Amino acid sequence: MHIRDLPYSDPGEPDVRSGFRFLLWLFRHQLGGQTRALLWGTLHQASIALLPLVLGLVVQAVVHRSGRELALSGLLMLAISLAMTLADTMLHRQAVTNWITAAARVQQLLARRTTQLGGMLTQRVAAGEVVKVSTGDVEKIGWFVESVSRFGAAVVVVLSVCTGLIVFEPRLGLLVAAGVLAVVLSFVPLLPAAVRRADIERGKSGRATELASDTVAGLRVLRGIGGEELFLERYRRASQEVRAASVRSARMWSLIDAVQVVMPGLLLVAVVWQGATMASEGRISAGALVTVYGAATFLMFPLRLFQETAMAFTFSRPSAKRAVRVLGLLRESGPADAARGTDGAPRGDLRDPASGLVAREGLLTAVVCGDPNTAERLAGRLGGHPLHEGEEPSALLGGVALDGLPLAVARTAVLVQDKDPVLLSGTLRELLAVPSSGRVTVEEALGAAQCGDVLEALSRAAAGPQGDPMAARITERGRSLSGGQRQRLALARSLITDPEVLVLDEPTSAVDSHTEARIAAGLAGLRAGRSTVVFTSSPLLLDRADAVVFVDEGRVAAQGTHRDLLETHAGYRAVVTREPETTHYAEETA
Amino acid sequence: MIGVSPPEYDPSSVEHATTLPVAGRATVRAYVRELLHRHRRAFAVLVGVNTLAVLASMVGPYLLGRVVQDLAAGAKDLRLGPTVALFAVALAVQAFFVRMVRLRGAVLGERMLADLREDFLVRSVGLPPGVLERAGTGDLLARINTDVDRLAQAMREAVPQLAIAVVWAGLLLGGIVVTAPALGLAALIALPVLVAGCWWYFRRAPGAYRAEAAGYAAVAAALAETVDAGRTIEAHRLEASRVELSERRVFEWTRWERYTLWLRTVLIPTINVYHSLIFAGVLLLGGVFVLQDWLSVGQLTTGALLAQMLVEPIGMIVRWFDELQVAQVSLARLVGVREVEDTDADASLSPQGRELTAREVRFGYLAGRDVLHDVSLRVPPGTRMALVGPSGAGKSTLGRLLAGIYAPGSGDITLGGARLSGMPAERVREQVALVNQEHHVFVGPLRDNLLLAREGATDAELWAALGAVDADGWVRALPRGLDTEVGSGAVAVTPAQAQQIALARLVLADPHTLVLDEATSLLDPRAARDLERSLGRVLHGRTVIAIAHRLHTAHDADVIAVVEDGRISELGSHDELVAAGGAYAALWRSWHGSPSREDEAGRLVH
């Protein structure tokens, strides 16, 4: 796998039985890359390990005062340098490739799994948890998986060098081998505490960032009313806490650093002592002493890889666990989607047995609900496959239970626009490019939803007076737009989709009356002959509806036209005119 | 052709719309100098302990050189005891100072970082309200999230590590020269290779790494949005296009990874060749020198070992230098906020009275495109005025002008005879407050969310304010009352409750004039009207300008101004406008559905 071939056409089906198995699964999927990294890594470290040998040879050559030996050492040096350069470069390329491909695979898996879960996801796991996997955990997972091969190379080389030294000079070799073991083990007890402190630090730092962005997000409030000092002081406290935690964490790492100086240093002292004694007794040459000294210093290099791998493992374990928790979620999406094409979608009247609500085919039905939560649940149920699992029976479209249909088919037949539709970031053109029947044009939909002023504002933001509003960028959740503008764009998007049945929950609650009146007309015109259900209490919309249904306590309480109900039903009048039922007449006659 | 050319699409170019200035080189330099000056002692300490650590680390090679020298000279007594003891002492000293270096480096980095982020927030919090309103908070948010994060890495690691590495490399080179001046020559031979390679690399690296980081952030951002918009995506069947988007982001990101990998494919051999040249140069040149008797074996050994040690600091310099370059861009964005000009507020301006007037006001966001044309309006103290009209007609703009957030392009807006836009923001808000649809609830205790409006208010006052906006009920029901943590990540507050909190702040701040821009639009209609009524009692006697999209708000006002196309087209009381039979009357009739009954009711009330 090369980086240029990413993304994967199919990231595969991960093993989510445990965090460790997931890591193993990722590792298994890049065996080729891991093998290459192992070979390059071994060559790289081996060539570094040979440098002390050259050093020894040179020293020996000058001790012998031999120019020929010196020249030969030079040639050897050249060869080793070439090998080292090549191996270092190739190892880096392979290691980064392994890291990137593992990270890309996990990102792709996450994207697939989250879309598959849809609205269900955030009910099963906190949104922040998922985002955490994608922002921080993927890197750590990739890091550990990648480091395995370099670790392998380090093990191979350390073992070889120790073996070589033992063969070359048993007493010194055994001394070094024992020392290496001590060095490897010396920092391990410190690691958990260091990781813990690093976690605390990250937590505090996240909190401070959160406070800062929170303060900035609410800056208009602060500048408009006051309290800047209060919030600055709060941030300063958090910022200083981060500083203290970071220094505390650095204290631990600095201890590890010091241990890494002392332990190898002690080994060196021992080697010099032992080696020099042997040299003075004439048992080894001066050059050999330098070689052993060099080899002992070299060993610190692969040893650092041991430390890195241990750290990567410690850091990546919780990350892998979190990733598995997200990737392991499943959603029942009804009978197999493939078995039944979208042409099998039913049509006819939409009926909700639990409330008794019926929306006739081809009409604009308005639903008035005293309680917004009841409205939300009812609207959700009308689309089938509700997110809130309850006891209520499935809504029926043309007599067919929507829950019995594949999710994709049900969603195609009925589009439920909830109370808080999200505008996805991107250009306006991208925002409106939704799967649709193709019957309604973008212009018609934007016109019906009264988006004229939004287009103007967007073209102004895009690039001066001649800017193309369709190319203007909508920021995340449409934050750059007002509440009313957002609602109208969301409505336009739903109109473009043009489903068999369109269910809208309070589509114009943040729109002013002038515009709302025009939207009501536009909606009725554009949806003529199609089934539409609007949850609203605005007279401007209700007046346009073919039928109005009043739902009280979760059941249909009255039906008729807006004007009829206003005349005949006191409960309906109370909800729609916003006058408290009991005081309505009292005020009138006051 | 060998090599990889940079991808055409640069994710960092669209990362965030820049609406606030980015600092120029001079400002950044001045700031860095100021920062260094502020922390010069910490810097001196770091350099000091680092020097000691490096000097101690050079004792080992020196001692080994001496031993080798003695061996070569055939000395019988190597005096190993003192040598080993000295080595051990040097080791202890080195370990101690290595620890200090790491610690001092962290202390310095963390202090500078804390300064940076706090400075930035202080400056942000002082931005003029007009600038904020116009620029939005998106750019500022991006700066505090992305740029502070990128700087964190630089301040924590790059600055201290670079300081350490430069001192380290310098001392090692110095050590080589002191050991044998001739060997210094060998170290210099290799320099042109390193300089040429780094020159090539550093010209390309910062931009590429920025793009790469932005590309990676875009992968995560796409996923975060998919998670957040799960319901919408499911309803609109956007699953396939979201997966495709995520994969496109992965594609864009990995293209940059591939490019930076190519950059390093050039850099890494360069560094390797540099090391090899130094090492080979010292060894072979040194070897020749020894054969010529210009140098002793011991000197050669020490020099070679020191040359070998150079690998690490050089690697550190190369590794952290581009981090610093990337950080520079982020720093320019953070420091840029300092370049926003303060509006030249005239502290001597002080209103005499409470009458708010607009005289022939014109205003536009872009030159030549006026949103308001010749608007004149007089709002006597205590009036409740409603601004109604279609979206985009200029209601909100007029509201912001009346609240002193924008200065009119021509004409005057005065409060009590004094020009509103000339007063300092702090003076304006004592008089006039604007509440819009953006109801931010700050993360933290509910109490802090209210105290910001009046620092030092007692609990009784807070409860009274909550009562005035019908919010005391649900606040009392919270697990810890006023001390309950609210905001994202804590107890979630509904949009309607957030709106109540915003209004409670207003009650606490108690300005004599209020501009409410659809301040109750998120409440359900019945609650909105109840709230407006109870608020009306509390705000009795105050001037209230309400921009409303629900007609009952207009119905309840003393005066209604209908804004259309940037002009006031109708002005008068509800009854007058209904009687006049204009646009307002038509709307009122269709809104009410049943004209006869309600009109009678209206007449009876008034």
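**Figure 1. Salt bridge between B:Asp293 and A:Arg65 in the predicted model.** B:Asp293 is exposed, with a relative accessible area of 58%, whereas A:Arg65 is partly exposed at 42% (buried means under 20% relative accessible area, exposed over 50%, partly exposed in between; 1.4 Å probe, protein chains only). The two side chains meet in a salt bridge of 2.9 Å, N to O (a side-chain nitrogen of Lys or Arg within 4 Å of a carboxyl oxygen of Asp or Glu). The pair crosses between chains: B:Asp293 belongs to the loop between α10 and α11 (297-309) of chain B, and A:Arg65 to the loop between α2 (31-64) and α3 of chain A. Helices (H or I, at least four residues) and strands (E, at least two) are DSSP runs, numbered from the N terminus. In this predicted model, local features need pLDDT of at least 70 and side-chain atom pairs count only at pLDDT 80 or more, while totals for chains, interfaces and linings use all residues. Residues are numbered from 1 along each chain as its sequence is written, chains are lettered from A and ligands numbered from 1 in the order in which they are written, and side-chain values use heavy atoms, with hydrogens and water left out.

**Figure 2. Interface of chain B and chain A.** Chain A contributes 165 residues to the contact and chain B 148 (contact means heavy atoms within 4.5 Å). About 14500 Å² is buried between the two chains, 64% of it from carbon and sulfur atoms (buried area is the accessible area, 1.4 Å probe, that two parts lose on being put together, summed over both). The rule finds eight salt bridges across this interface. In one salt bridge, the side chains of B:Arg102 and A:Asp257 meet at 3.3 Å, N to O. On the side of chain B that touches chain A, helix α10 (residues 239-291) of chain B gives the most, with 29 residues.

Figure 3. A:Gln107 counts as buried, at 4% relative accessibility. Leaving aside neighbours within four places in sequence, A:Gln107 is in contact with A:Ser134 and A:Val138, and with B:Tyr216, B:Val219 and B:Val250 of the other chain.

**Figure 4. A:Asp498 and its salt-bridge network.** A:Asp498 is found in the loop between α16 (483-497) and β9 (501-505) of chain A, and is buried, with a relative accessible area of 2%. Residues up to four places away in sequence not being counted, A:Asp498 touches A:Ser437, A:Arg439, A:Val440, A:Arg527 and A:Arg530. A network of salt bridges links A:Asp498 with A:Arg347, A:Glu361, A:Arg439, A:Glu500, A:Arg527 and A:Arg530.

**Figure 5. Salt bridge between B:Arg38 and B:Glu34.** The closest N and O atoms of B:Arg38 and B:Glu34 are 2.9 Å apart. Both residues lie in helix α1 (residues 25-38) of chain B, four residues apart, about one turn of the helix. An α-helix has 3.6 residues a turn, so residues three or four places apart point the same way. B:Arg38 is partly exposed at 38% relative accessibility, and B:Glu34 is partly exposed at 36%.

**Figure 6. Salt bridge between B:Glu355 and B:Arg378.** The side chains of B:Glu355 and B:Arg378 meet at 2.6 Å, N to O. B:Glu355 lies in the loop between α12 (311-336) and β1 (356-363) of chain B and B:Arg378 in strand β2 (residues 372-379) of chain B, so the pair ties together parts that are 23 residues apart in sequence. B:Glu355 is partly exposed, at 30%, whereas B:Arg378 is exposed, at 52%.
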